Amino acid sequence: MADVIAKVKVMPVSPEVEKEALKEKLTKVVGENDAKCRGVSDEPLAFGLYTIYVMVEMEEREGGMDPIEQAMNDLEDVESAEVVELSLI
């Protein structure tokens with residue numbers, strides 16, 4: 001099986017969410033789902049709000065990124081998490 005890399009866009013619930021703490025939680029979620037976090041970055045959006053992008057590398061498998069995406073969405077400080085790019089490496 002091949003490896004895949006995915007870019008996940010994560011929106012926090014509000015600008016008051018501590019950015020670095022949320023990045024740590026997202027990195028932990030990736031590791032708990034037998035995947036590797038290849039990078040976490042953030043970009044300002046508007047009015048103090050920011051977007052976090054998480055690069056995830058994992059072995060191709062049934063269900064794909066769904067479990068990781070769902071686990072990120074289940075975090076208390078996350079409004080939404082969605083895969084915006086996916087490719088084989």
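Student: In which sense do strand S2 and strand S3 pair, and over how many bridges?
Tutor: This is a predicted model, in which local features need pLDDT of at least 70, side-chain atom pairs count only at pLDDT 80 or more, and totals for chains, interfaces and linings use all residues. Residues are numbered from 1 along each chain as its sequence is written, and side-chain values use heavy atoms, with hydrogens and water left out. Strands are DSSP runs of E with at least two residues, and helices are runs of H or I with at least four, numbered from the N terminus; two strands pair if DSSP finds at least two bridges between them. Val 40 stands opposite Val 54 in S3, and S2 (residues 36-46) pairs with S3 (residues 49-59) in the antiparallel sense, over nine bridges.

Student: Which residue in the hairpin of S2 and S3 takes a positive phi?
Tutor: The hairpin has two residues between the strands. A positive phi near 55 degrees occurs there at Phe 47.

Student: Is Ser 14 buried or exposed?
Tutor: Ser 14 lies in the loop between strand S1 (3-12) and helix H1 (19-32). Buried means under 20% relative accessible area, exposed over 50% and partly exposed in between, with a 1.4 Å probe and protein chains only. Because its relative accessibility is 18%, Ser 14 counts as buried.

Student: Which residues in H2 do Leu 26, Val 29 and Val 30 in H1 meet?
Tutor: Contact means heavy atoms within 4.5 Å. The residues of the contact of H1 with H2 divide into six nonpolar, no polar and no charged, where Ala, Val, Leu, Ile, Met, Phe, Trp, Tyr, Cys and Pro count as nonpolar, Asp, Glu, Lys and Arg as charged, and the others, Gly among them, as polar. The partners in H2 are Ile 68, Ala 71 and Met 72.
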